[in-house]
Amino acid sequence: MIDKIAEKVLNVIDGTGFGKKGAYNFRYNGKPAAFANGKNIRIERKKDKQGIDIYIGKKAKGEEVHIPVVVSTPGMTDIVYNDFYIEDGSDVTIVAGCGIHNDGCEETRHDGIHSFHIGKNAVVRYVEKHYGEGNGKGGRVLNPVTDIHMDEGSSFFMDTAQIKGVDSTERKTKVHMKARCRLHVVEKLMTHGEQHALSDMDVWLEGEESSAQVISRSVAKGSSRQIFHPKAIGMAKCHAHIQCDSIIMDSANVCSIPEIDARNVDAQIIHEAAIGRINNEQLTKLQTLGMTEEEAEAVIIENFLN
Amino acid sequence: MLTVEHLSYEVIEEGRKQRILDDISFTVEDGEMLVVTGPNGGGKSTIAKVLMGINPAVEGKIFLDGQDITNLPVHERARAGIGFAFQQPPRFKGMTVQRLLDLAAGVELPERICCRLLSSVGLCAKEYIHREIDATLSGGEMKRIEIATVLAKKHKLCIFDEPEAGIDLWSFSMLVKQFGQIHKSKKESLLLISHQERIIRMADRIMVIRDGKVEKLGQKEEVLNNLALDSFQRQNCIEEGGVM
């Protein structure tokens, strides 16, 4: 079922190795290819459309569920709806990588539309890696939509990375947070060539004492373009911090538009945004350690996106 | 052994050439500790940067163990055996202290070695090893990590540009001890730029740089006596000037 292309892409997007432990669902070229339930995690295929419902029981403590997707058929548009129902008090790690291998001339696209319904005091770690490869001229497109509903006292740690090979991406994320919820988002992105990336994120801090931290780090090379628009809306006594850092190279274009919107006198919201080239002093320091300029540049980028 | 012959360095300011270093010649013998001192703006840090290849020499030659390194780029001088600690080291977002020490050593260091390096510059290793080298570190912490990067590897010549700047007294004592150990082992030559008397007194020889030129170069005792006399005479001049 898993050919060499899928195996290689899987290694990149889910290096922790899906299928080795716990629940998993592997989707390959628009079709479910393999799945397994976990001790406290149940996966059901949707009947009305493409996708799965994932039920995470309250007894889940430190369990993992891996739902990798690989598309290698040129010209395919794969749209999938995955809904996560996470019970009160559970503790789970969700790994949701997506990779496209395109050797053809037509565009290959995957839209992962994910919704999370997180119960009271539950803790969710969500890891998402996006990757593209292949020798074809056809575009590799990924458009993820993530809708997160957090009940009181829950925590959501989101770690997304798109490091290589995706020609176009439009990411839309919405988070609704009730009282005492905690959100931590780290978004890492590298674009090169003619690639284009857009990330829109709306964080609604609706409950008292909710807190959100959004960290975005990106590197734009070649003549690629990036647009970031994270927005925090404070509806109650809350804290939010948005930080966007970008390294710009060659003739790239980075546009960073953090937005903060306070609708309560006790909402404390901060934003920081910085775009700049690689610092010469950093390059020189690494050169004094024996690295060439190119090696130093690679190390700076690797660590910046670490 | 480092041999520097007739080294000069110029910059262009407002369309005119300005000589920052003029005909500098000196040596640092194997295992020797040479302390470079002198007034601010005299060209001490520029000498260090020209030796490392960060600034290009316009005249003169630099030899390391007989190899002409005058035209080598920075990374090749590093590979040839020169270590360099910056006066104001840069920060790296996303890079941990441990990663920087690995890069400095050229190999992945075991955690205990990283801890030993950090302890030797007065940092509590466990608190720092996984920290990022970003704006959350103070200037003094940055300086100590910088010095640790040079200590992470054996060199033929280690250059430290004002290692004492921004370091508290307790850490300074540890640093002095560290320089003392390197000096005692005689395995690495040391070129230290410093204004600190304790460091100056550790030197085998002292070189005084003023207005881009070597004002004095000699054995520690000889130069120290001259420095004390100069300082006394200058103080008297100021006082006499004040009376007039």
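Why does the distance between the end C-alpha atoms of helix α7 (residues 169-185) of chain B agree with its 17 residues?

1. At 1.5 Å a residue, α7 of chain B should span 24 Å, and its end C-alpha atoms are 24 Å apart, so the two agree. The expected span is 1.5 Å times one less than the number of residues in the helix. After α7(B) comes B:K186, with a positive phi near 60°.

2. This is a predicted model, in which local features need pLDDT of at least 70 and side-chain atom pairs count only at pLDDT 80 or more, while totals for chains, interfaces and linings use all residues. Residues are numbered from 1 along each chain as its sequence is written, and chains are lettered from A and ligands numbered from 1 in the order in which they are written.

3. Chain A has 3 helices and 23 strands, taken as DSSP runs numbered from the N terminus (helices H or I, at least four residues; strands E, at least two).

4. The C-alpha atoms of chain A fill a box of roughly 55 × 50 × 35 Å along the principal axes.

5. The contact between the chains involves 19 residues from chain A and 18 residues from chain B; two residues are in contact if their C-beta atoms, placed from the backbone, lie within 7 Å. On the side of chain B that touches chain A, α2 (74-80), β7 (92-96) and α3 (97-105) of chain B each supply at least two residues.
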